[in-house]
Amino acid sequence: MAGKVKWVTDIEKSVLINNFEKRGWVQVTENEDWNFYWMSVQTIRNVFSVETGYRLSDDQIVNHFPNHYELTRKDLMVKNIKRYRKELEKEGSPLAEKDENGKYLYLDFVPVTYMLPADYNLFVEEFRKSPSSTWIMKPCGKAQGKGIFLINKLSQIKKWSRDSKTSSFMTQSTKEAYVISLYINNPLLIGGRKFDLRLYVLVSTYRPLRCYMYKLGFCRFCTVKYTPSTSELDNMFVHLTNVAIQKHGEDYNHIHGGKWTVSNLRLYLESTRGKEVTSKLFDEIHWIIVQSLKAVAPVMNNDKHCFECYGYDIIIDDKLKPWLIEVNASPSLTSSTANDRILKYNLINDTLNIAVPNGEIPDCKWNKSPPKEVLGNYEILYDEELAQGDGADRELRSRQGQSLGPKGGRSRDSGRTVLTTWK
């Protein structure tokens with residue numbers, strides 16, 4: 001196609017701008033004709049709001065789905081996953097199988113969570129079943145660890161409720177929504193420290209669902225050794241892995257930034273726990289990601305002008321069970337180390353190669369299925385069209401799903417696990 005891609009961004013990050021310039025794209029302002037707009041979540045809200053009535057043309061694409069918050073707001077993610085589980089149960093799906101205590105065998109990958117203030121009474125009931133438990137409270141609409149705290153007494157919630165009525169972030173009419181989740185108090189520790197995984201997942205379309213996993217994720221470590229001791233509940237350097245918090249710690253290392261690559265984690269686990277359980281863990285992580293996307297796919301506004309690169313946060317407990325903590329719509333593009341800058345530059349490069357084929361002016365009518373050679377460090381995680389086209393052995397795979405749970409129905413490709421065929 002003739003002409004150069006005209007780009008706009010309201011996120012002034014070098015990893016973005018260097019990628020656009022490397023392609024010879026032309027920078028314009030948002031008031032001019034543009035083809036590609038890498039925008040903040042606030043801007044996407046305006047673009048797709050009823051008031052603006054903005055219509056995107058076929059040669060324009062943006063980096064968020066209009067209602068991405070169905071997955072990226074902590075309360076809505078949990079609500080959609082709960083709804084998805086109930087629907088699978090109604091259908092009699094083997095994936096929704098429960099144990100004798102009524103706990104999901106395969107779909108139990110989000111910690112027990114309630115919305116506050118709406119579910120306060122339900123939470124109290126649950127809390128009283130195990131009064132020694134620790135819970136973590138997070139504001140639904142904030143990121144980077146802001147406003148998070150841990151509690152282990154009901155009186156702390158009552159104090160929060162009283163304090164919040166007078167605090168500055170409340171509007172007059174409503175109290176800010178929080179989620180409260182059972183705290184994973186047995187995290188897998190390395191060197192005595194807690195960590196979580198940040199994984200990048202690109203969704204090019206929700207219906208049919210097509211998503212890609214970025215191979216170069218990383219672990220984020222706390223700077224202070226972990227202790228479940230209640231005396232340290234207020235010490236966020238022990239409990240929260242967010243770099244925005246850890247970089248203020250005395251022991252923060254500015255060279256490696258408290259980060260490890262996922263491949264390092266894999267090597268460490270293979271040498272300490274064995275190859276088989278490590279492979280199973282990563283299969284389960286991939287499976288959780290696909291299930292979370294399937295949970296929101298029916299409610300997502302699958303606008304053809306949109307793609308999205310999500311930042312998934314996963315915690316692994318000491319039994320090597322992965323837990324989905326949250327999904328970020330705008331994973332940080334700030335570089336805390338040299339390696340970080342390289343990783344994020346490559347992430348954007350590979351994302352653009354899939355979202356804007358050949359660096360040419362976009363055409364929303366194309367089928368969003370790029371050839372394998374442009375995937376870079378992405379690999380296909382799930383392709384609904386491929387999965388449905390492979391229907392002959394569906395019953396067999398259902399049974400596999402029943403007996404194997406997350407491992408059911410994998411296909412192998414060049415020695416790598418390519419998760420394309422779950423039902």
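**Close-up 1. Strands β5 and β8 pair up in this predicted model.** The two strands run antiparallel to each other and are joined over four bridges. Strand β8 covers residues 178–182. Look for leucine 116, which sits opposite tyrosine 178 of β8. As a bit of background, strands in a sheet pair through backbone hydrogen bonds, in either a parallel or an antiparallel way.

**Close-up 2. Here is the open sheet that holds β5 and β8.** Four strands make it up, in the order β5-β8-β6-β7, and their pairing is antiparallel. At the edges you'll find β5 (113–116) and β7 (149–151), each with pairing on one side only. If you ignore direction, neighbouring strands are turned by 25° against each other on average.

**Close-up 3. Helix α5 has buried residues and exposed ones.** Phe123, Val124 and Phe127 are the buried ones to pick out. Looking down the axis of α5, these buried residues fall within an arc of 100°, so they line one face of the helix. Over on the other side of α5, Asn121, Glu125 and Lys129 are exposed.

**Close-up 4. Helices α9 and α10 cross at roughly 140°.** Helix α9 spans residues 262–273 and helix α10 spans residues 275–296, and their axes come within 7 Å. The two helices are therefore oblique to each other. From α9, the contact uses Val262, Leu265, Arg266, Leu269, Glu270 and Arg273. From α10, Lys275, Val277, Thr278, Ser279, Leu281 and Phe282 join in. Sorted by type, the contact residues come out as six nonpolar, two polar and four charged.

**Close-up 5. Tryptophan 38 is tucked away as a buried residue.** You'll find tryptophan 38 in strand β3, residues 36–38. Its relative accessible area is 7%, and buried means under 20%, so tryptophan 38 counts as buried. Threonine 9 is 29 residues away from tryptophan 38 in sequence, yet their C-alpha atoms are 4.8 Å apart in space. Leaving aside neighbours within four places in sequence, tryptophan 38 has contacts that include Val8, Thr9, Leu16, Phe20, Asn63, Phe307 and Leu352.

Conventions:
Residues are numbered from 1 along each chain as its sequence is written. This is a predicted model: local features need pLDDT of at least 70, side-chain atom pairs count only at pLDDT 80 or more; totals for chains, interfaces and linings use all residues. Side-chain values use heavy atoms; hydrogens and water are left out. Axes are lines fitted to C-alpha atoms, for helices over the stretch in contact, and angles run from 0 to 180 degrees between N-to-C directions. Angles under 35 degrees count as roughly parallel, over 145 as roughly antiparallel, 65 to 115 as roughly perpendicular and the rest as oblique. Contact means heavy atoms within 4.5 Å. Ala, Val, Leu, Ile, Met, Phe, Trp, Tyr, Cys and Pro count as nonpolar, Asp, Glu, Lys and Arg as charged, and the others, Gly among them, as polar. Two strands pair if DSSP finds at least two bridges between them. Buried means under 20% relative accessible area, exposed over 50%, partly exposed in between (1.4 Å probe, protein chains only). The arc is that of the directions from the helix axis to the C-beta atoms.
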